[in-house]
Amino acid sequence: MNVYHTETRHQFEAVLSWLHERACSRSYDLGTRLPWDEQYLIESLSDSTIYMSCYTVAHLLQARDSFSGEKLGSANILPSQLTIEVWDYIFFPEKSYSSLTTDIPCATLDHLRNEFQYWYPVNLPSSGKDLIPNHLIYSLYNHTAIWPNHPEFWPHSFRANGHLLLNSNKMSKSTGNFLTLLQAIEKFSADV
């Protein structure tokens, strides 16, 4: 995969060499319980690195003017209908509609599946280099574990910010040599 910078690749490789020593669980906070020992919770990064997959269909599941779930989106699917097997059908190409026990029409679920397959993966996640040893590496591991036979859904690249200097200074809002997208539009307009 492309990581755009030698230092970034070295950081990924270093994390890969020690990550097996990291605990897979914790004993406090919110989260999903370990199925074989419910006193422990699954490490939170395990379930926080594929949430982007839900963005591919969210616009069909909820109304554009309501994010509370009170109004149905254009797919007209109730939250209670979104069972694990329905999500499996949307996210896993090998699942067949005939194996489902749902009253959601096949055409509707195929529309959601097509949206997911069109928009996923996020081709260029951009993050800070300090997130390589946690979020980015977990994202890589989770995508390959969840879709082992579908590399088309794995991240194609990662851009880790924080390796570049501008005029021999770290790029940062606090140093004044960095603009947010809104600041750049206000200063230069959106007509690039």
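Figure 1. Phe116 is buried at 0% relative accessibility, where buried means under 20% relative accessible area, exposed over 50% and partly exposed in between (1.4 Å probe, protein chains only). The model is predicted: local features need pLDDT of at least 70, side-chain atom pairs count only at pLDDT 80 or more, and totals for chains, interfaces and linings use all residues. Residues are numbered from 1 along each chain as its sequence is written, and side-chain values use heavy atoms, with hydrogens and water left out. The structure holds twelve aromatic pairs; rings of Phe, Tyr and Trp (its six-membered ring) pair if their centres lie within 6.5 Å, and planes under 30 degrees apart count as stacked, over 60 as edge-to-face and the rest as tilted. Phe116 and Tyr120 form a stacked pair, with 5.1 Å centre to centre and 25° between the planes. Tyr120 is also buried, with a relative accessible area of 4%.

**Figure 2. Trp147 and Phe153, an edge-to-face pair.** The ring centres of Trp147 and Phe153 are 5.7 Å apart, with 65° between the planes. Trp147 is buried at a relative accessible area of 1%, and Phe153 is buried at 2%. Ring pairs join Trp147 and Phe153 to Trp87, Phe91, Phe92, Phe116 and Tyr120 in a cluster.

**Figure 3. Helix 3 and its cover.** Helices (H or I, at least four residues) and strands (E, at least two) are DSSP runs, numbered from the N terminus. In helix 3 (residues 84-91), the buried residues are Val86, Tyr89, Ile90 and Phe91. Helix 2 (52-61) and helix 4 (106-119) are among the elements that cover them. Arg113 lies over the face of Tyr89, 3.8 Å from the ring centre; a charge sits over a ring if NZ of Lys or CZ of Arg is within 6 Å of the ring centre and within 35 degrees of the ring normal.

**Figure 4. Surroundings of Ser157 and Tyr4.** Ser157 lies in the loop between helix 5 (132-146) and strand 5 (159-161) and is buried, with a relative accessible area of 4%. Its side chain makes a polar contact with the side chain of Tyr4 at 3.3 Å. A polar contact is a pair of N or O atoms within 3.5 Å; within protein, one must be able to donate a hydrogen and the other to accept it, and residues adjacent in sequence count only if both atoms are side-chain atoms. A polar atom of the Ser157 side chain also lies 2.9 Å from the backbone oxygen of Asn123. The charged end of Arg159 sits over the ring of Tyr4, 4.3 Å from its centre.

Conventions:
Contact = heavy atoms within 4.5 Å.
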